Amino acid sequence: MLTIYHSNQVEIHKELLIHLMEVDPLTDPFESEVILVQSPGMAQWLQIQIAEKKGISANLKFPMPASFIWQQYNSNLPDVPAQSEFAKDTMVWRLMALIPHYLEREEFQSLAGYLRKNEQSQQHKLYHLACKIADLFDQYLVYRPDWIKYWEQNQPHFIESQIKQCLPPHSNDTLFAQIHQDIAWQGVLWQALVSDVLQSIGKTEPRHRTNLHLQYLNQLKNGKAKNLPKRLFIFGISALPKVYLETFHAMSKHCDVHLFFNNPCRAYWGDIVDERYLQKLVSRHRTDYYSHEISPLISDEQQNLFNTEQYELTADDEKLQIGNPLLATWGKLGRDFLHLLTEMEPNEIAAYAENQRDGLLQQVQNRILDLVPQSAENPLNWQKNDRTLTFHSCHSPMREVEILHDHLLQLFQQNPELTPKDIVVMVADIDQYAPYIQAVFGQYQAPKEHFKGDPQHIPYSISDSKLTANDVLVEGFLSLLKLKESLFGAEDVLAFLDIPAIRERFAIEADELPRIRSWVAQAGIRFGLEKTQQHHNYNAWKAGLERMLLGYAMREQNGIWQDNVGFDASYGLKGQLTGSLAEFIEQLYQWQLVLQQNHNIQQWCEQLLSLVDQCFAENSQNTITLLKIKESINELREIPFKELIESDVIADVLTAKLSDTQNSLKFLVGRVSFCTLLPMRAIPFKVICLLGMNDGSYPRQQTPNSFDLMHYHRQKGDRFRRDDDRYLFLEALLSAREQLYISYVGKSIINNQKLEPSVLVSQLLTYLTDNSNATTDDLIHNYSMTIFSAKNFDKNHRSFAKQWLPVLQGTEVKPFNQPIPAQSDETNVIDLQRLIEFVQHPVKFFFEKRLGVYFRNEQDLIADSENFTLDGLEKYQIRGELLKFSDAEWQDYFARLKVKGILPRAEFATVYADGLQTDIAVLKTTLADYLVQSAQSLTLDLPVDIDGRTVHLQGNIGQLYGELTQRIDWRVSNVRDKDRIQSWLYYLALQAHSESEIPPALFYDKNGKVTATKTLDKSTALEQLTRYMRDYLQGETQLQIVPNENIGKYLALIADESAVDFEQCLAHLEAIAEPYNRVPDLYWQRLLVQAELDFADINQRVKDWFGNM
């Protein structure tokens, strides 16, 4: 007998199931109870509940409906294999072999056009097309078995007739023609697929679900059922295909079938269809489980309303009783299932229970239960402090998780009986939110032995996450499969070395990665593996590695040897690291050769297993992952495809296999469960939280195939992603026992503009505002953009992020430019070079040398394209090197640059070489007398009296000519203020050190123009030097603010003390921070944001520092 139990609470279904098991236990103690479920999560929950009730949960089987039915086919029908020959994965490969033979036929022109136009390889496109068609045939086998029979009987006109009846009356001829063509080629392809399967197994009748379903029903009708359990429970399933229900109904003639339908409404809320169907419903009754009263399914009042055409008409032309709008809008999936169940005419038992709480959430649930229509006369009782149903608008996914963490801590504080296992957090895509969850919830230490742990720690687990999204080893393996067309860009290859298992395999330590990266950049490696392909690529990996390996034995100064120069950085004992890197690159090279060839499936399996062994070192942390990868590879051996397969196809197959491997074992493990919103997971929790309920994110989008015929012929029970997601949202609303928390990104993090939530959230908000005195602003909680905002600690919001508490407590924010403690040791020696750096940029010097703060705005990514230009730094460096060589040595120098991969390609190298030589011609002529001399240096140790104590200025002064008296320097570019400052301080040090007057320091620019320092007598020079040293010592405890660019212009601004324009002075400093055509100065930017500027002190210091310069 088939008995359907209707209840709005899964807990009641659980009690009914346990009661049935207790009052009628199985006579055979070794026989297992069979409970069909649709998800492992429901099975896990049910086992826990049974164990809590009975003390033990054992000898239970939880198969899925599809696998259970197939097992029955296997047990009762002859020659039914354990795995179907028409399984989706198997059909894909058979279709790949069949489709090319039919592309010349007229009905296949749309497929042929797709395969011609796409940019992918022919076989790769064919694989994706076969996947789509196999998925469609798999749907037809379950939801359109009659179409399968029509195709096999060569009667496609019946399918066309069915579809035309469902199309709008005024559909155009083009649509009819397209449908006709799709029916034709799908029928031909199905017949070919059946013939191919029958030929391979030597049978005359296809053993697919449609045929086996009819055979099994016939066998059950004749009373020949075998291996059926004494009874069968179907639990926690929101929807089943019609053919499955027919099967279970037929089984119920031989065993008891108990189907527990989680029905949100005690009244009939399905499609009335027509008058005839209404009369059928009127004759139906249900028995109340508690009172044993028998009541009609449709009351006289409801019948009269329908007869007077007082009903709702949905977008799918369903006729519904006037009732709850949420149920009508979101309940399509359950409504269709209810219709199919009602058609079975089973024995029906109702066991409904109203929620006794009076919160807003519970009121909404009870109105759905009683099918209460929308009415202004009977409003919801909303209270301002009601927290049972809340909406939270945030600026980003990260803020959603941060606010959730605070909210859960508050719940635990308010309700000591609430535990982490009572809470589930569901999101549309767990892989998107997993990093934020780990960052927020994982930052607090868990309690350990002899350690209390952080009070903000919340135990949590993440389930349903894909292996490909959470395991770097799997991601690395899949990346290796996609190297066929790779350019082997430097950054892409170095990324592989971030994977610990790869580093371990090639004996490379993590702390060696910065050195390798530096070597790759210095060796000129950009892209490509081979040095010689169509033309010489000196930026290829092998070219760079040859230079590194040659550098082990000889230096660059030894010149070119066999089209290579030595790489100095790898000289000597560093050669072992070069060898490890070379071995790794060789392995990639050999693997790319494998990828560029097609292989049969057995060869691919051997190659892939070899790749895993050769590229990944196994250790205790990755053993399970490597085992899973190898298992997935070995599963490929079962692929029924004899032809050679391209690497792109193999990569997609393994990506799909490893992506489908979900981690669902961490669901319901005594912690806060984070998981994906999945069908058939209507498990009750005290608190249910939904994150990421954004417009466009949920319901999730799914574009149907253009050739999906079910799209034009919808039937009750058909599954569509958006209908599933709507029903999931309804189930979440009904499964929350105490609180439902809904969060979404409601404001842009860029411009703070309002963003709309999911349409489902909007519909729920509209329902609440239409049925209560609450407004949308009352219901939605808005939050600040950042966790450290003071708004997080006001009376409306409560944050537990105590590290930001000083903001709330009003701690006085001290001025930025204030003294800091002096260093422990008194400074008695000042290095000359550090003094120069201080005067050149006192702001940067203070941040870096005293605060240890380094602001870097470096684009350190290694270029991965052909080199056709030289940037400004490269040209500057080459010009500087050219000055060292004679004209006759220039060609040899450019040859080395070419081999090192620095010069641009082809004739661009000649153009740049000629231009660089021209650039320095004038400067070289100007400096001719100095270039033939050897510059001298002076070791300086100058004692200086500073406020009564002696401080030594020490350092080396180079670039000295003419009996160590004059410093001559140059720059193969324009002279900057920092160059003038450097010459100025060297001159002051020389003058203060010398007993006689020395000539000014000279500095030449790229055009040969010379800049000379002012000349001072020894006492004046010493006085100026003392001023710098005194400010240097003061700079150890307090920032010295002095502009370091366009100093002459600034001096002009402050020349007249009575008419100084401070706005212009500030504008000058802002121009230093953000120059028009150069990289911003982050140190000045940081200073100007925080510091209050004392221009009187700044201007006086500028005069003191640079007035004499």
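This is a predicted model: local features need pLDDT of at least 70, side-chain atom pairs count only at pLDDT 80 or more; totals for chains, interfaces and linings use all residues.
How do strand β12 and strand β16 pair, and over how many bridges? They pair in the parallel sense, over four bridges. Strand β12 covers residues 423–427, and strand β16 covers residues 672–676.

β12 and β16 belong to an open sheet of seven strands. The order is β13-β16-β12-β17-β18-β11-β19. The pairing is parallel. Look at the two ends of that order. β13 (460–462) and β19 (780–782) stand at the edges. Each has a single partner strand, so one side of each is left without a neighbour in the sheet. From one strand to the next, the twist averages 20 degrees.

Helices pack on this sheet. Helix α16 (residues 360–369) touches β11 (389–394) and β18 (736–745). The direction of α16 makes about 105 degrees with that of β18. Helix α18 (residues 430–441) also packs on the sheet.

## Salt bridges

Side chains of opposite charge can pair when their charged atoms come close. This structure holds 46 salt bridges. Three of them are set out here.

| Salt bridge | Distance, N to O | Separation in sequence |
|---|---|---|
| Arg266 and Glu354 | 3.5 Å | 88 residues |
| Asp947 and Arg1030 | 3.4 Å | 83 residues |
| Lys1103 and Glu1057 | 2.9 Å | 46 residues |

Where does each pair sit? Start with Arg266 and Glu354, whose side chains meet in a salt bridge. Arg266 lies in the loop between β5 (256–262) and α12 (275–282). Glu354 lies in the loop between β10 (347–350) and α16. The pair therefore ties together parts that are 88 residues apart in sequence. Arg266 is partly exposed, with a relative accessible area of 35%. Glu354 also counts as partly exposed, at 38%.

Next come Asp947 and Arg1030, which meet through their side chains. Asp947 lies in the loop between β21 (936–946) and β22 (949–961), while Arg1030 lies in helix α40 (residues 1018–1034), so the pair links parts 83 residues apart in sequence. Asp947 is exposed, with a relative accessible area of 62%. Arg1030 is partly exposed at 26%.

The side chains of Lys1103 and Glu1057 meet too. Lys1103 lies in helix α44 (residues 1095–1106). Glu1057 lies in the loop between α41 (1047–1053) and α42 (1062–1073). Parts that are 46 residues apart in sequence are thus tied together by this pair. Lys1103 is partly exposed at 23% relative accessibility, and Glu1057 is exposed at 59%.

Salt bridges can also link up in a network. Asp24, Glu33, Lys230 and Arg231 are linked in this way.

## A look at Ile650

Is Ile650 buried or exposed? Ile650 is buried, because its relative accessible area is 2% and buried means under 20%. Ile650 sits in helix α28 (residues 647–659). Leaving aside neighbours within four places in sequence, Ile650 is in contact with Ile601, Trp604, Leu608 and Ile645. Ile650 and Lys482 are 168 residues apart in sequence. In space, the two are 9.6 Å apart, C-alpha to C-alpha.

How values were computed:
Residues are numbered from 1 along each chain as its sequence is written. Side-chain values use heavy atoms; hydrogens and water are left out. Two strands pair if DSSP finds at least two bridges between them. Helices (H or I, at least four residues) and strands (E, at least two) are DSSP runs, numbered from the N terminus. Axes are lines fitted to C-alpha atoms, for helices over the stretch in contact, and angles run from 0 to 180 degrees between N-to-C directions. Contact means heavy atoms within 4.5 Å. A salt bridge is a side-chain nitrogen of Lys or Arg within 4 Å of a carboxyl oxygen of Asp or Glu. Buried means under 20% relative accessible area, exposed over 50%, partly exposed in between (1.4 Å probe, protein chains only).
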